[in-house]
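Colleague: I am new to this one. Please take me through one part closely.

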Amino acid sequence: MGTSQFLSLAQARRIALAAQGFADPPPVGAPTLRHVRRVFRRVGLVQIDSVNVVQRAHYVPLYSRLGPYPTALLDRAAYRAPRMLFEYWGHEASLLPVELYPLLRWRMASASVEAWGRMRRIAAERPDLVRWVLDEVRAKGPILAAEIEDDVGRAAKEHWGWNWSDVKTCLEWLFWSGEVTSARRNGGFARLYDVPERVLPRAVLDAPTPEPADARRELVRIAAAALGVAAEPELRDYFRLPVDGFRQAVDELVEAGELLPVEVQGWRRRAYLFRQARLPRQVRAAALLSPFDPLIWERSRTERLFGFRYRIEIYVPAPQRVYGYYVLPFLLGDRIVARVDLKADRRSGVLRIPAAWAESGVDLTEVAEALAAELRRFAGWLGLSDVDKPQRGDLVGPLSSALVR
């Protein structure tokens, strides 16, 4: 790409979208595990979230990049041997390529500092319970937290004060510290725990552990490749890296020529361009985005790149919501042009649209036609047979007409 010191906003958008896989050609024929692997090579990780109003969060980023694909492909990559992916704390709870496992051992080793307060307290105050829970997983895994909690009633006769929530906290401590991992999820999305040696590939377990500074530098490099162009806060946020040592990692990557300092039109912060980032002539995307998509999860960067101010309103009281409960942005070309509040009504087989809103300055008819086509495709992927008309928002008229057509 060269070493230009200035990027227009349009160039930065196209670089970011290409880095995230939105400029890749769509699959020819049915998507396969090869396509799943390609997406993870682009994005580095996807966030897991239990909300299932439309579809669980980790499935949607692959749909946004591949189109309709069997979600069983992702389940197979994550939970069947030979594993391509594993669960751990990446951005938040995430699915990550197994090759990244050694790069996160420093986080596992830092559980006594990094883990949440209740986990740290129980590890310090109840090591007997932690050992007992780990022994249960070793003896009976893969195992649900609820199955271990069932045994607490019996064990509590000998260990006064043990309770169900303490067991779950112990499991999360063991998960954070790398002593247990996720074998799979059940139908209710509950994690089944097991020890890593029964879950992860032997080659991954035997891989040498890099020095923490080297591991964090590599994670910054992966984040830079996934973002294309980014300021320091986004590079650090991608894997939720600690402040200590982060600046040094960036400086070393700059010195090595992997990160190129650039100015981006309208950005106050210095940005860094990944050396191998692509700048396509155009991006022809048409995709709904999960609220947890790595393209947009750092909200200030989303606003700087797309002029799109986005806040998820799940936890906002209904009368105070502006756009809706579970709102998905709509990417068209290289712009985010609309947002739709969606709900999968599985009982009726209908994709409901409580609200649909256009961004300022867009052609409402053009956006409505493209959005209607994408909603039909999205509904089909979800196994729904129909799309309802939107109930409110400035796209009600144009989108309703487009859906009818």
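What is the relative accessible area of E114?

Modeller: E114 has a relative accessible area of 25%, so it is partly exposed. That class lies between buried (under 20%) and exposed (over 50%), using a 1.4 Å probe and protein chains only. This is a predicted model: local features need pLDDT of at least 70, side-chain atom pairs count only at pLDDT 80 or more, and totals for chains, interfaces and linings use all residues. Residues are numbered from 1 along each chain as its sequence is written, and side-chain values use heavy atoms, without hydrogens or water.

E114 has a partner. R107 forms a salt bridge with E114, with the closest N and O atoms 3.3 Å apart. The term needs a side-chain nitrogen of Lys or Arg within 4 Å of a carboxyl oxygen of Asp or Glu. R107 is buried, at 3%.

F239 is among the residues with the most contacts inside the largest nonpolar core, alongside L342 and F378. That core has 146 residues. A nonpolar core is a set of buried Ala, Val, Leu, Ile, Met, Phe, Trp, Tyr and Cys residues joined through side-chain atoms within 4.5 Å.

Now take R240. Its side chain meets that of E92 in a salt bridge, 2.4 Å from N to O. R240 is partly exposed, at 33%. E92 is partly exposed too, at 28%. The structure holds 32 salt bridges.
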